[in-house]
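Here are some notes to read with the model open beside you. Take them in any order you like.

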Amino acid sequence: MRISRAHRPAAIRAAGILLIVTGLGAGPLAAAGPAFADGVTVGQLTTGHDGRLSVALSAGGEALWVKVSVRASAAPDAAVLASTDDLTYSVQGDWSTERVLSLPQGTAYGDYPVDIDYRMPGGTVQHWEGAEHGVSGLFHYRLHTDIAKVGFDRASIDYDHREVVLSGTATVFDPATGNTRPADAGTRVRVAWSSFRDGTWYRPSETVVTDASGAFELKIASGGTVQYGTIAVLPAEGTVPGPARELPSVDVVPLTYRITGEASNTRVHSGKTFTMSGGVQRLGPDGWVPFAGAPVVTTDRRPDAWDHNLTGVMGRGTSAADGSFSYDVTATYTTHHYTFVAPSDYLREAGSVQDDVTVPRAAKLDKVRIGLDAYGAVTATGHLLPDWTCADQSVSLQYSANGRSGWQNVASAKAEGGTAGYCPFTVRGRAPRDSGYYRLAHTESPTLLGVTSPVVKLARVATRFASFDMTPNAPRLNGPLTAKGTVQYKSGAKWVAYKGANVTVLFRPKGESEWYWTVKGKTDSHGRFSLKTKAYQDGTWAVVYAPDAKHFYSESKTEYVNAR
């Protein structure tokens, strides 16, 4: 919608004589006219579905007077079939004829070019010729077919009434006579709507045809709501369809129910059954009554109140006239199970009867790898089997000082997947000691028995920086600087000199967070190192030990140095 001109009267009429009466159009047509002296041209020419012409000037254009003239053809000397300056200015910023435009009797249906004259506030009269603007400059003088009346037989649908009927009539407006009559038999009408069902939006559509009276009817069983609907006459030879009309919404009024039940067993062998029995009621005008014919199911998953998917079905039945039900449920593995009425958009969520059934299976730990890195992190990987029950099962990394007793959990993780025949897992934790024994363990769960992996011994040698110093303490900028210190490793209960340790000198400039290495070297037979570098700028210095496969990583204290 265009913004109305500020402080302009709600309507301005240009005096004139109406020489015409009609023409229905197929919607807005943009006209791109030449650049006139006042910088204003016709921005849009529209044939309304009621046969009136509307003219909108380009942005900023406010005319004092507008006149439209319909010509017989695009020829320069074509006769004027109708002309009027009886137009009204609207707050939307366009000028519209007061009445429908009527062409002389016997004029053939078709599209005719329109000339537009308009006077600007400066007094100049501009002329715009529709013949120069193709389809954008035409008046559509044709039969117009439109929807006259439409509606649904119900305002809502529910569990017992899932179908709604749309009915209405279509009419034809004749610009030559100014009369409206029923649409011809066989006129096609397209109905489209959005339906929200089972957690998903759908956009179905149907085409119906009118009878001899112009009436039509469509039965809709959408399975859910009917929203954002539109209806429109489809194009046909010799007529112009009217604009699509919006349809009222048809909502679902869900049924409220409640359910009770009990399982006959909580533990069975694989493939055996137990009985699920109970009753279901629905809420009616007079209170709770038996819910006959309800589709009751038992699954290994909670009710899907959004998408209404039924997965993991273990058993199902239909309630009797008194609302009671009883049916067999088959269990193949340990699981929770849920009993409820099969969900749909016609039912209000009501929870479920919840219980457990246990069918224990043997578990296996395969492809186990356990390693200890230089930073004290222990990582264990492997596969948990069998695949049909291993997903989301917990696997723990355990430590023992002697490998026989005193096992303690270091970390745990979930096994995932199962589609490849196993559930892979990765468990990460911190080593409690420099040396010790490790294993993986799956503690017995409702679906798997307990199992442990073979024990492995893991050990590394601890290291440390016994001393570290940067000299001189106040060096010149870019002057020489020496990192000195001693590296030791632990032997039994003692710390001894570490000969041949790889050390790296690191520097972090003032104001930065990144560390940069400057020089690398090795310790001598006494575990000492002396590495020369430069005082690049003020900053923090440190030394780290780059470990091998047998030792733990270590790092020195930090020392801040001001470079003069």
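1. First, the ground rules. This is a predicted model, where local features need pLDDT of at least 70 and side-chain atom pairs count only at pLDDT 80 or more, while totals for chains, interfaces and linings use all residues. Residues are numbered from 1 along each chain as its sequence is written, and side-chain values use heavy atoms, with hydrogens and water left out.

2. Start with the open sheet: 3 strands in the order E31-E32-E35, paired antiparallel. Strands here are DSSP runs (E, at least two residues), helices are too (H or I, at least four), and both are numbered from the N terminus. Two strands count as paired if DSSP finds at least two bridges between them. On the edges sit E31 (364-372) and E35 (423-430), each pairing on one side only. From one strand to the next, the twist averages 15 degrees (axes are lines fitted to C-alpha atoms, with angles from 0 to 180 degrees between N-to-C directions).

3. Now look at how E32 (residues 377-385) meets E35: the two pair in the antiparallel sense over 8 bridges. Leu-384 stands opposite Cys-423 in E35. Keep an eye on that cysteine.

4. Which residue is bonded to Cys-423 in a disulfide? It's Cys-390, with the sulfur atoms 1.8 Å apart. A disulfide is a pair of cysteine sulfur atoms within 2.5 Å, and by this rule the count comes to 1. The pair links distant parts of the chain, as Cys-390 is in helix H1 and Cys-423 in strand E35, 33 residues apart. The link is right-handed, with 70 degrees about the S-S bond. Both Cys-390 and Cys-423 are buried, meaning under 20% relative accessible area with a 1.4 Å probe and protein chains only.

5. The largest pocket has a volume of about 440 Å³. A pocket is an open set of points on a 1 Å grid where a 1.4 Å probe fits, with protein on both sides within 12 Å along at least five of seven lines; lining residues have an atom within 4 Å of a point. There are 16 of them here, with Tyr-333, Thr-334, Thr-335, Ala-391 and Thr-447 nearest the centre. Strands E29 (335-341) and E30 (353-357) and helix H1 (387-390) each give two or more residues to this lining.

6. The second largest pocket holds about 340 Å³. Its lining has 21 residues, and Ala-305, His-308, Ser-344, Leu-347 and Glu-349 lie nearest the centre. Strand E22 (251-252) and E29 each supply at least two of the lining residues.

Technical notes:
Points joined across faces, edges and corners; volume = space filled by probe spheres on them. Buried < 20%, exposed > 50% of the residue type's maximum accessible area, 1.4 Å probe, protein only.
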